[in-house]
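Have a look at the packing, then read on.

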Amino acid sequence: MDVTQASTECTAVLQTIDDAVICDRSFPEDILVGVVGRGHVLVEDVPGTGKTLTARSVATALGLSFSRIQFTPDLLPADVTGTHIFNERERTFEFNKGPIFANVVLADEINRAPPKTQAALLEAMEEGQVTVDGETRQLPDPFIVIATQNPVEQEGTFPLPEAQVDRFLVKTSMGYPDEAGEVELLRRRADRETTSPSVERVLEPEQVEQLRRAPETIRVDEDLLEYIAALARETRSDGRVEVGVSPRGTQRLFEAARAYATITGRSYVTPDDIKRVAQSVLAHRLVLTPDATVNGVDKSQVVDGVLESVPVPTIEASDENA
């Protein structure tokens with residue numbers, strides 16, 4: 001699949017999601033960056049904004065299997081990965097697959113589960129496999145985790161450790177719709193009998209695999225490689241930051257920029273592509289100093305400062321070679 005076709009398919013998927021979910025276009029774009037960039041997505045937002053609907057809509061539009069796991073304080077790792085059950089007729093143990101065996105897995109309110117259960121996702125997200133009772137089993141391909149957490153009602157929650165947050169390619173937020181959007185939400189509800197809107201399939205699983213390979217053909221010029229590295233390194237020298245973006249985060253910014261270029265239909269990455277995905281890729285990877293946290297410094301402010309301080313390369317050469 002070439003870049004032009006990939007962009008056309010992405011536009012069709014985004015349009016289908018727009019028909020079902022009332023939100024700013026940047027939100028489904030962020031999720032699609034995660035899908036096309038072969039990563040996972042973390043969504044932090046208040047309840048009732050449509051996170052579950054969006055995740056289900058993405059899976060349906062892509063023609064992929066979908067599974068939802070409601071994370072709770074009593075959820076066990078086996079409830080996620082699956083377990084062996086004794087078959088009395090055959091007198092053998094059979095593996096009963098858990099809900100993680102799906103193409104798109106919605107880990108709903110992931111910060112409500114204890115760390116041991118959260119950790120059950122680590123191997124799955126990084127390696128595309130799970131190990132149960134010493135036996136490793138491959139997960140479906142593609143495998144995409146869309147996890148949600150609420151910024152409110154923090155009592156009884158277990159904040160995700162930095163090592164697990166770093167596994168997500170992007171972190172994004174849906175936000176409330178504006179007044180016109182909320183009225184449109186009611187108008188759409190009045191025109192149908194069901195509570196939630198339906199979404200049509202746009203792609204087949206094999207097309208999704210081709211779509212996820214398309215970014216490998218996107219060109220990133222040398223000066224932009226240096227720009228990406230400079231952005232990551234600048235986060236490590238910021239006085240408000242205790243732990244800056246890791247080399248893995250640098251690579252993820254590179255991958256996300258190529259994915260966004262694919263979505264927009266360009267065969268090369270521009271500085272604007274990097275800036276567009278920088279917040280969703282870098283901010284959640286930062287660990288602020290205690291003083292910065294007490295003073296109410298927001299991680300997005302740090303990323304904004306980094307984007308302002310690092311010189312932006314020109315793209316004249318890129319335009320000439322495009």
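**Around L225**

Skipping residues up to four places away in sequence, L225 touches V220 and F254, where contact means heavy atoms within 4.5 Å. Bear in mind that this is a predicted model: local features need pLDDT of at least 70, side-chain atom pairs count only at pLDDT 80 or more, and totals for chains, interfaces and linings use all residues. Numbering starts from 1 along each chain as its sequence is written, and side-chain values use heavy atoms, with hydrogens and water left out.

*More on L225*
- L225 sits in helix α9 (residues 222–237); helices are DSSP runs of H or I, at least four residues, and strands are runs of E, at least two, numbered from the N terminus.
- At 34% relative accessible area, L225 is partly exposed (buried is under 20%, exposed over 50%, partly exposed in between, with a 1.4 Å probe and protein chains only).
- Q251 is 26 residues from L225 along the chain, and their C-alpha atoms are separated by 9.9 Å.

*Nonpolar cores*
- The largest nonpolar core has 67 residues, and L32, L62, I146, L231, L253, V269 and I274 touch the most other members; such a core is a set of buried Ala, Val, Leu, Ile, Met, Phe, Trp, Tyr and Cys residues joined through side-chain atoms within 4.5 Å.
- Domain 1 (3–213) and domain 2 (218–309) both contribute residues, so this core lies between them; the bounds come from an automatic or database domain assignment.
- Beyond four places in sequence, L231 contacts L253, I274, V306, L307 and V310.
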